[in-house]
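I opened the notebook for a quick look around this structure. Here is what I looked up, entry by entry.

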Amino acid sequence: MALDLQAISRAIAGSCISQRLGERTPVDGVSPIEAFVVVGNPEYATLVTGDAEELLRRLAAARATASNPDGGGNAGDDGNRRVEDPLLSAVFVTDSDTAELRAALERYGMTAILGARHGGSALHATLTALIADDRAAADRLVTAGINVLTQVARRGGVTAVIAELAHRLDGWAVLLDAQGQLIGSAGAGRLHVSDAVAVALGRPVRVRHVGLQLHQVGSDSDLAGYLVVASRSRSRTHSRDLAAQSAALLDLLLRTHDPSLTEHLGREALIATLDAGGPPARELLRRWEVHEPSLTAFALGTKTRTVDLERLLRRWLDELGAEHMFASGTGPVRGFVRNELAEQLAKLVEALRPMGGARVHLGLGAPAPAEALAQSAVQARQALDTALEDGETVHRYTQLPTVDLVLSSLTGTPSDALTSLLDPLRDASGAHGELAHTLRVFLAEHGGHRASARRLDIHRQTLAARIRRVEELTGLSMDRADDRTAAWLALRAAGF
């Protein structure tokens with residue numbers, strides 16, 4: 001949990017005297033001064049209770065030892081080396097608060113909590129109870145977290161578990177295979193993949209991110225991968241325990257054979273054939289026993305990865321008696337339905353109650369000939385993006401009259417001239433990649449840097465650098481309304 005020196009001080013009505021350790025240092029144990037030997041974990045504070053006079057005597061003895069480290073006749077390797085009492089790295093807690101005690105603490109640089117409400121055995125018992133309650137609460141959090149992660153695993157598999165874990169740790173997570181190749185990431189994990197790989201494989205490079213936790217997925221003899229996490233939470237114990245148990249859950253998921261993998265790959269190939277259009281698409285639909293001259297494309301998505309969209313869609317299509325013409329990947333589920341079923345599908349989506357606060361959104365394209373469905377598919381994705389941005393459950397491409405009117409009136413040379421604005425943003429393969437996507441999100445968020453960076457899962461400075469690069473390559477200025485409008489129309493015309 002968040003039991004630190006400041007919380008301890010408030011609980012026992014004491015005053016924290018910060019020296020070596022700050023008030024926000026987490027606490028992990030308590031010991032009587034006569035039984036204290038060494039601080040167990042240097043990143044945590046160990047509390048020590050006892051008589052103030054005993055502390056002063058211990059400090060005086062430590063000073064005498066430091067001034068004569070050889071004990072009067074047994075010279076070591078370095079006769080001038082100081083021997084420091086481990087007690088100085090602990091935190092002394094007492095009901096006493098005298099000028100002599102404060103002076104000694106300052107002289108030796110030792111942290112303490114003075115003037116506690118209780119003293120003696122009552123103080124020690126109070127501290128023991130506080131730490132025990134904190135550990136019990138942390139255990140309950142871990143148990144609750146694993147229960148949720150297990151449910152998420154049933155719905156969304158490895159990807160959903162990584163996303164939920166990063167959320168619960170208030171940080172990021174990266175899952176690598178045994179060779180250090182990326183399997184999945186969440187939070188800002190994509191920005192720290194190189195650090196995660198370096199930590200997992202023990203490479204001698206400087207890791208930019210401190211506080212990384214490495215958890216092995218599987219055993220030494222049967223290694224499945226590595227889970228690397230980072231948390232902004234001050235409770236490292238909670239994040240470490242939750243991540244360790246998540247690694248065990250991921251081990252099960254990675255080793256579980258998914259019989260639907262072949263089906264998923266087959267559906268992706270089928271949808272790709274329909275997108276390509278032409279006679280092969282018409283022949284495929286005929287073999288699929290779909291004889292309608294036109295179909296409507298749809299795109300189903302959500303802002304969270306913990307909802308099993310494919311399971312929902314299967315149920316809805318079965319209710320409608322529709323063919324399962326869809327493909328699901330890392331993004332939205334996309335597919336096609338008969339025109340008369342499009343509105344019925346929309347009603348089913350609208351009737352669905354939010355799942356754990358997460359809403360499901362649907363985008364519908366305009367009906368298109370069976371041999372030329374690609375344009376309807378692009379329209380469905382654009383409608384879904386609008387639904388996600390505006391918080392609408394269902395959005396239809398035909399509800400975008402301004403953009404639809406402009407783009408439908410541009411054919412041939414005008415349309416090519418508009419989309420050519422984005423040509424400088426193409427990557428080496430000729431495809432629109434990271435910069436075009438960044439521009440799309442930036443404009444969709446009305447130029448809001450904070451919202452855009454959060455949606456892209458990048459730092460605001462990284463976003464600013466990308467937008468400057470877009471402006472340099474295209475010659476457009478995002479400060480001018482005309483340029484922003486031109487960029488948006490170009491993105492929509494290009495299918496973004």
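Predicted model: local features only at pLDDT ≥ 70, side-chain atom pairs only at ≥ 80, totals over all residues.

Residues are numbered from 1 along each chain as its sequence is written, and side-chain values use heavy atoms, with hydrogens and water left out.

**Helix pair.** I looked up helix 14 (residues 434-444) and helix 16 (residues 460-474), whose axes come within 10 Å and cross at roughly 105 degrees. The two are therefore roughly perpendicular to each other. I found Glu434, Leu435, Thr438, Leu439 and Phe442 of helix 14 touching Leu463, Arg466, Ile467, Arg469, Val470 and Leu473 of helix 16 (contact means heavy atoms within 4.5 Å).

**Threonine 393.** I located threonine 393 in the loop between helix 11 (374-390) and strand 15 (394-396). Threonine 393 counts as buried at 18% relative accessibility (buried means under 20% relative accessible area, exposed over 50%, partly exposed in between, with a 1.4 Å probe and protein chains only). Leaving aside neighbours within four places in sequence, its contacts include Val349, Arg359 and His361.

**Leucine 101.** I found leucine 101 in helix 3 (residues 99-108). Leucine 101 is buried, with a relative accessible area of 1%. Its C-alpha atom is separated by 8.9 Å from that of leucine 55, 46 residues apart along the chain. Not counting residues up to four places away in sequence, leucine 101 touches Ala52, Leu55, Leu56, Thr94, Ser96 and Leu114.

How values were computed: Axes fitted to C-alpha atoms, helices over the stretch in contact; angles between N-to-C directions. Helix = DSSP H or I, 4+ residues; strand = E, 2+ residues; numbered from the N terminus. Parallel < 35°, antiparallel > 145°, perpendicular 65-115°, else oblique.
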